[in-house]
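Please read them beside the sequence and the coordinates.

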Amino acid sequence: MAYQLYRNTTLGNSLQESLDELIQTQQITPQLALQVLLQFDKAINMALANRVRNRVNFRGSLNTYRFCDNVWTFVLNDVEFREVTDLVKVDKVKIVACDGKSESTQNKNDKW
Amino acid sequence: MLTNTAPVAKLYLSIIDDVIESMRELFTDEGLEDRVLDDLRQIWESKMMQSKAMEDYRKSNINSSNFVLQLPANYNRTNQELTASVVIPNNSGILPTFSLPAGLSYPVQIPAGVTLQTASGQLYKVNVPVVVTQAPAGQPPVSRLAQVIERRESPDPPSTAAPPDASRPPQEAEALSAPAISDKQQQQQQQQQQQPPPPHPKTNFPPGEESALPQQPLVPPAEASQPPGAHFPQPEAPPGESEPNPPPEPATLCASASPCSQLLDFQISTEEALTQTGQLRTNDLDDILKEVIEEERGKAVMARKTVNQSDADLGVIKKLISLLLEVCVCVCTLISLVLQHVLITLVLTTHLYPQDPLNSGDDVVEQDIPDLFDTDNVIVCQYDKIHRSKNRWKFHLKDGVICYGGRDYVFSKAVGEAEW
């Protein structure tokens, strides 16, 4: 089982909303919706690992850090993201990072 | 990163396809039709297209047609045949657009056998003759002006007018006459009261004078009772003397007289003594009465004096009490004024110079933790390494999705530094 933290992306949220609509119309069961989400987790993990090849650098000031259940949560202020030549400044950003080296694929709930 | 939106959209679409295709078998195992899975796909794609994450992808594809009209080689406009129009269902929510080859304009009659190709590369063959026309422009809504009717409430005519003036004077006259009559009656009563009362006979005399009147008639009879020719050794006591003379001794009077004469003399003497004693007694009574009267007069005077003194004392006391009351009232008013002044000053000071609550500066304001982590800009990723040296942190991240400003960005590697 892959990390479930990608469910809190635009893609993951839209999928959950769509599944909720089908559940309300009783077209699918909640168990089936859960299966869909699990399949989504696998698909997005595989896609990010295999289909994306870009590098980003960033610099800012660390406001808060937290480490719990092998999950890091950071809050940074005045962050500059740089990709090749592009520069984007963000006042506040939160980083939720799961252990990338862990081979365990336990369900990781969202930490936000 | 900003140029990464198109790959992100393609990545998302590929992920959608993978998920849908992987769930098709499971749906069939659950006994569900493919229509349900297609509905899920359509809803999912529509939500993604509506979000800002696919905005750039949507904008970049807005001019591209969904259908490319590919006409066969033997297509000739002159061979157009009238056919029924066909409405392409718009299930996906995407407005189908047609791009016409050069030289063609609306309406276009498509005979059977024409092949249509979508932007995604899918081919559709038209088996039925189709006429493609351009949709008429939407008419602007007609605005209607609402008519506002103002109702003005006219004031009611004075139906119930004031009572006529004619009724007033009589009433007033009656009102005026009534007090006049009462005034007259009061005047009469006052006159009656003012009339002096009928004189009453004075029966009450001052105690000193009362005793003097009957005293007078007593005196002359006492003087008249003295026999003529009787000589007494003692002079006649004038009335009013306080010291009555002792009764004379009858023995000295008749030393040489006969017994009869002595008896007569004795009798006369006794009579004279009796009269003298009577006179003396009357004189004594008069004196006593006089004394009593004088005493009573004195007592009355004393009583009057005492009464007057008591009256004066009461008046003084009353004056003192009134003065004390006035002083108390003044003191109370002074106290109330002082209190009012104090209250006014307090109110003014509190309003003009608002004071912070006590010990308000001692509190240390702490940031709310829930608000600290509450932000729309989120990076979801995995970490390879997190390093800290004193207050300098280094982040080595991978396989992340950045959500910033409603848009999504992806990265395979991210290296960052931050100072805490």
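1. In chain B, 53% of the contacts with a separation of 6 or more are between residues 24 or more positions apart, a contact being heavy atoms within 4.5 Å. For chain A the corresponding share, again among contacts with a separation of 6 or more, is 45%.

2. The model is predicted, so that local features need pLDDT of at least 70 and side-chain atom pairs count only at pLDDT 80 or more, whereas totals for chains, interfaces and linings use all residues. Residues are numbered from 1 along each chain as its sequence is written, chains are lettered from A and ligands numbered from 1 in the order in which they are written, and side-chain values use heavy atoms, with hydrogens and water left out.

3. Chain A has two helices and three strands, which follow one another along the sequence as α-α-β-β-β, while chain B has eight helices and nine strands; helices (H or I, at least four residues) and strands (E, at least two) are DSSP runs numbered from the N terminus.

4. Of the 112 residues in chain A, 49% are buried, and of the 420 residues in chain B, 21% are buried, where buried means under 20% relative accessible area, exposed over 50% and partly exposed in between, with a 1.4 Å probe and protein chains only.

5. The accessible surface of chain A is about 5,700 Å², with 44% belonging to carbon and sulfur atoms, and chain B exposes about 31,100 Å², of which carbon and sulfur atoms supply 58%. These areas come from the Shrake-Rupley method with a 1.4 Å probe, and for residues only the protein chains shown count as cover.

6. Asp99(A), in strand β3 (residues 86-99) of chain A, deserves a look: Asp99(A) is buried but has no salt bridge, and Lys101(A), the nearest side chain of opposite charge, is 7.0 Å away. A salt bridge here requires a side-chain nitrogen of Lys or Arg within 4 Å of a carboxyl oxygen of Asp or Glu. A polar atom of the Asp99(A) side chain does, however, lie 3.1 Å from the backbone nitrogen of Lys101(A). Leaving aside neighbours within four places in sequence, Asp99(A) is in contact with Tyr3(A) and Asn70(A), and also with Gln382(B) and Tyr383(B).

7. On the surface, Leu285(B), Ile288(B), Leu289(B) and Val292(B) form a nonpolar patch with about 320 Å² of accessible area together; such patches are made of residues with over 30% relative accessible area and no salt bridge, nonpolar side chains (Val, Leu, Ile, Met, Phe, Trp, Tyr) being joined within 5 Å and like charges within 9 Å. Ile288(B) is found in helix α7 (residues 259-352) of chain B, and counts as partly exposed because its relative accessibility is 43%.

Conventions:
Lys and Arg count as positive and Asp and Glu as negative; His and the chain ends are not counted. A polar contact is a pair of N or O atoms within 3.5 Å; within protein, one must be able to donate a hydrogen and the other to accept it, and residues adjacent in sequence count only if both atoms are side-chain atoms.
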